[in-house]
Amino acid sequence: MTYEIRTFAPGAEHATAAPAPASRGGRLVAVSDLHVRYEENRDIVERLTPESDDDWLLVAGDVGENAEDIRWALTLLSGRFAKVVWVPGNHELWTPAKDPVQLRGVARYEYLVAMCRELGVVTPEDPYPVWEGAGGPAVIAPLFVLYDYSFRMPGAGSKEEALEIAEKAGIVCTDEYFLHPDPYPSREAWCRARVAQTEERLAALPADLPTVLVNHWPLVREPTRPLWYPEFALWCGTEATAHWPRRFRAATVVYGHLHIPRLIHWEGVPHQEVSLGYPREWRRRSGSPGRPVQILPVATTGVPA
């Protein structure tokens, strides 16, 4: 069966409905935070291959910062997997001084979406595909909703107070210097717009289909509890999405950003963090670094499939 999933395009009230391609076999797997500027991580990505010709790969952001590196990785992966689904992380949205692509904010995001479409990679702006392999059917919903500084430390009643606490602790995310919200006045304003647009689109999905929600940042706050520096949670999501996994029938939620790969269950929904992370982080772990994590059927251990 092929489902028809209605999609809404940025800047348009409604886009026309389009049939979303469906899978027929293989495995649904995911990875994030590849950070290919590191040679060790680049070597891992070069060795990343599917187990079958029908495998789909979800890439939950932070492939890299430089547009050329992002293109290299997504070109490689899209040539190997039957389908690649990508969502942006904060690193892709940076405008590094040495990147020839000096676009900022929404313009940079749209540039990356155009790049993905050229490569046949599904983005948050495209029709949601339906996975019909093992564990399906399920709508694969790539999301881009940013963060709004609502994951605050106790006692912080505002963004300003929370940032002051973080600064005193010596914790300031690099986003404050490189992730520009243009043309929005702030990152939280951009987040509000993305949340509203995405929520409308998710609400239009068929009520009889579960979803796999894929976002770079966690959709609920619970995954941030083990952070070594709890102040960093400010840059890790928004309270506005806390009800989405239950409301939109998530079979599982896929995210990255925290570099704490694990599976947790929150309010009955599995949440799978699928980061590779920096070499200094993955070297401390057992297993094969960068090996994609099985998403459907939902694993029981949170380790790579």
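1. Let's start inside the protein, with the lining of the largest cavity: by class, five of its residues are nonpolar, two are polar and three are charged. Please keep in mind as you look around that this is a predicted model.

2. How much space lies in the largest cavity? The answer is about 40 Å³. Ten residues line this cavity, and Pro124, Tyr128, Arg194, Thr198 and Arg201 are the closest to its centre. The structure holds one cavity of 30 Å³ or more.

3. Which element gives the most to that lining?

4. Now for the largest pocket, which has a volume of about 840 Å³. Its lining is made of 25 residues, and those nearest the centre are Leu258, His259, Tyr278, Arg280 and Glu281.

5. What classes of residue line the largest pocket? There are 13 nonpolar residues, along with six polar and six charged ones.

6. Tyr177 belongs to helix 6, which covers residues 175–178. Is Tyr177 buried or exposed? Its relative accessible area is 54%, and exposed means over 50%, so Tyr177 counts as exposed.

Terms used
Residues are numbered from 1 along each chain as its sequence is written. This is a predicted model: local features need pLDDT of at least 70, side-chain atom pairs count only at pLDDT 80 or more; totals for chains, interfaces and linings use all residues. Side-chain values use heavy atoms; hydrogens and water are left out. On a 1 Å grid over the protein atoms alone, a cavity is a set of points where a 1.4 Å probe fits but cannot get out, and a pocket is an open set with protein on both sides within 12 Å along at least five of seven lines; lining residues have an atom within 4 Å of a point. Grid points are joined across faces, edges and corners, and a volume is the space filled by probe spheres set on the points. Ala, Val, Leu, Ile, Met, Phe, Trp, Tyr, Cys and Pro count as nonpolar, Asp, Glu, Lys and Arg as charged, and the others, Gly among them, as polar. Helices (H or I, at least four residues) and strands (E, at least two) are DSSP runs, numbered from the N terminus. Buried means under 20% relative accessible area, exposed over 50%, partly exposed in between (1.4 Å probe, protein chains only).
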